[in-house]
Amino acid sequence: LDQFALQARSGIGAALLASGDIPGARAFFQDLARDGADDPILMAAANNGLADADFLEGTNLKQAQLGFARVAVTGTSAPDEHAKALYYLGRCAEALADAGKERSGRRSSLEYYKEVQDRYPGTRWARLARESLP
């Protein structure tokens, strides 16, 4: 039940992101972070959401990378959020390589994609990582 509640709650922010309302999503995830300050799973979801907003903006790739890295380090108690963070670390590394801002970005992205597949093989994030491999 807790997992479903988290999915429903963070799904609102994801819907805002999907609709292109990045400022609205950012405000939603900031509120979620305040509400979940004592809950590591809510914090992982909030930090992933904020990093996702930065990633989608495209101008804050390094900030997005830092946000996803924070979840990758601290969010292991939330497997889906941890898998998402690892997947998006790969996406960030790839985008930074494309922008000429990270020389080893391609290699790093492959490592993140492989880690997601190894640690979370049956998840949506593993499937997306597999599709991202050359």
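Modeller: A helix here is a DSSP run of H or I with at least four residues, and helices are numbered from the N terminus. The model is a predicted one. Asp52 has its place in helix α3, residues 40-57.

Colleague: Why is Asp52 called buried?

Modeller: Buried means a relative accessible area under 20%. Asp52 has 8%, so Asp52 is buried. Leaving out residues up to four places away in sequence, Asp52 touches Leu17, Phe68, Lys84 and Tyr88.

Colleague: What makes the pair of Lys84 and Asp52 a salt bridge?

Modeller: The nitrogen of Lys or Arg has to be within 4 Å of a carboxyl oxygen of Asp or Glu. For the side chains of Lys84 and Asp52 the N to O distance is 3.7 Å, so the pair counts as a salt bridge. Lys84 lies in helix α5 and Asp52 in helix α3, so this pair ties together parts that are 32 residues apart in sequence. Lys84 is also buried, because its relative accessibility is 14% and the limit is 20%.

Colleague: How many salt bridges does the structure hold?

Modeller: It holds ten salt bridges. Among them is the one between Asp54 and Arg26, at 2.8 Å from N to O. Asp54 is in helix α3 and Arg26 in helix α2, residues 22-35, so parts 28 residues apart in sequence are tied together. At 9% relative accessibility, Asp54 counts as buried.

Colleague: Is Asp98 buried or exposed?

Modeller: Exposed means over 50%. Asp98 has a relative accessible area of 55%, so Asp98 is exposed. Its side chain meets that of Arg106 in a salt bridge of 2.0 Å, N to O. Arg106 has 41%, which is between 20% and 50%, so Arg106 is partly exposed.

Colleague: Which residues do salt bridges with shared partners join into one network?

Modeller: Arg26, Asp54 and Glu57 are joined in that way.

Colleague: How many aromatic pairs does the structure hold?

Modeller: There are seven aromatic pairs. One of them is formed by Phe28 and Phe29.

Colleague: What makes the pair of Tyr87 and Tyr113 tilted?

Modeller: The centres are 5.8 Å apart, and the planes are at 35 degrees. Under 30 degrees would be stacked and over 60 edge-to-face, so an angle of 35 degrees is tilted. Tyr87 is in helix α5 and Tyr113 in helix α6, 26 residues apart. Both Tyr87 and Tyr113 are buried. Ring pairs also link Phe55, Phe68, Tyr87, Tyr88, Tyr113 and Trp125 into a cluster.

Colleague: How do you know that a contact between Gln65 and Glu102 is polar?

Modeller: The limit for a polar contact is 3.5 Å between N or O atoms. The side chains of Gln65 and Glu102 are joined at 3.2 Å, so the contact counts. Gln65 lies in helix α4, residues 61-74. At 14% relative accessibility, Gln65 is buried.

Colleague: Which residues of α6 are buried?

Modeller: They are Gly105, Ser108, Ser109, Tyr113, Val116 and Gln117. What covers them includes α5 (79-98) and α7 (124-132).

Notes. Residues are numbered from 1 along each chain as its sequence is written. This is a predicted model: local features need pLDDT of at least 70, side-chain atom pairs count only at pLDDT 80 or more; totals for chains, interfaces and linings use all residues. Side-chain values use heavy atoms; hydrogens and water are left out. Buried means under 20% relative accessible area, exposed over 50%, partly exposed in between (1.4 Å probe, protein chains only). Helices (H or I, at least four residues) and strands (E, at least two) are DSSP runs, numbered from the N terminus. Contact means heavy atoms within 4.5 Å. Rings of Phe, Tyr and Trp (its six-membered ring) pair if their centres lie within 6.5 Å; planes under 30 degrees apart count as stacked, over 60 as edge-to-face and the rest as tilted. A polar contact is a pair of N or O atoms within 3.5 Å; within protein, one must be able to donate a hydrogen and the other to accept it, and residues adjacent in sequence count only if both atoms are side-chain atoms.
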